[in-house]
Protein chains: 2
Amino acid sequence: MEELELSGAFGTSASLALRLGQTVFSSSSLLIMCLDVGFYSYTAFCYLVTVMGLVIPWSITLLVVDAYSVFIRHLPVQRRLIIIIFFGDMILSCLSLAAACSTASIADLLREAGGSHCPSKLCERYQMSAAMAFLSWFLSSVSFLFNFWLFSTL
Amino acid sequence: MEELELSGAFGTSASLALRLGQTVFSSSSLLIMCLDVGFYSYTAFCYLVTVMGLVIPWSITLLVVDAYSVFIRHLPVQRRLIIIIFFGDMILSCLSLAAACSTASIADLLREAGGSHCPSKLCERYQMSAAMAFLSWFLSSVSFLFNFWLFSTL
């Protein structure tokens, strides 16, 4: 079997960098939203926290697998594995885009409403959390595209 | 050159059906949001209207091209054309998911706030518009996946 190597797809150092970025951005989005903030009063914020709670373990798992493949022993590219990875990336990137957009729009509405709805420090945190979620979405959609490409050439 | 035919990708009858669905859902989302509704008081609703204003001409153009290819004369699959189509589908599906999520979250917030913010009939229309935008997003992401697959095998 021919050994396929596509930079950015599963098991390469570019993929490792993408997973690292996803882990960092999704964790910071979750932390900014959760720490000392009553996020559970808005559905969209709860949704963001839930989605980030799914993205973080997924990214960390694939970060570990990629690191193993890059630094210790090169793992062979299996069709079944790539299917699982690209499906997971597809679903999680859609969910994180949805969460980021909902959070951003609610934060924007609260900021416009002003006053007691949204003290300025809190609003900035909501926006920052949404921005981190957008970055996490961007990196996971890049991962998805590379893995989908790899899958279609297998 | 080998003639590729991938059901759902550019120039097939499945693609024609997908484009028809996109046109119908995006138009109805726009109409439900615009007719008799002061949508310009919320950023998210303006964004939905803008995005649907981009999705509708794109869907109609590709609907016409697909119809031509299916009913009149089969168009050859060109790599450059498929790049344009899959890029367009990718960007528009991201934008329409973002618009649908923002609209849905704002509609939900307004419904919870209740009272003068959102008379029940108006809120239902916002939600219906968001639902149509979600359907339009789903169909355009399916188109994107098929065209990306076709592109990667060219």
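How many residue pairs are in polar contact across the interface of chain B and chain A?

Tutor: Before the count, a word on the source: this is a predicted model, in which local features need pLDDT of at least 70 and side-chain atom pairs count only at pLDDT 80 or more, while totals for chains, interfaces and linings use all residues. Residues are numbered from 1 along each chain as its sequence is written, chains are lettered from A in the order in which they are written, and side-chain values use heavy atoms, with hydrogens and water left out. The pLDDT is the predictor's confidence in each residue, from 0 to 100; chain A averages 87, with 95% of its residues scoring at least 70, and the complex as a whole receives an ipTM of 0.85 and a pTM of 0.88.

Across the interface of chain B and chain A, the rule finds six residue pairs in polar contact, both residues being at pLDDT 80 or more. A polar contact is a pair of N or O atoms within 3.5 Å, where within protein one must be able to donate a hydrogen and the other to accept it, and residues adjacent in sequence count only if both atoms are side-chain atoms. Between the two chains the count of salt bridges is zero, a salt bridge being a side-chain nitrogen of Lys or Arg within 4 Å of a carboxyl oxygen of Asp or Glu.

On the side of chain B that touches chain A, helix 2 (43–72), helix 3 and helix 4 (120–153) each supply at least two residues, and helix 3 gives the most, with eleven. Helices here are DSSP runs of H or I, at least four residues long, numbered from the N terminus. By class, this side of chain B has 15 nonpolar, five polar and two charged residues; Ala, Val, Leu, Ile, Met, Phe, Trp, Tyr, Cys and Pro count as nonpolar, Asp, Glu, Lys and Arg as charged, and the others, Gly among them, as polar.

Taking contact to mean heavy atoms within 4.5 Å, 22 residues of chain B are in contact with 22 residues of chain A. The area buried between them is about 1,900 Å², of which carbon and sulfur atoms give 80%, where buried area is the accessible area (1.4 Å probe) that two parts lose on being put together, summed over both. In chain B, Leu109(B), Phe148(B) and Trp149(B) lose the most area to chain A, together 28% of what that side buries.
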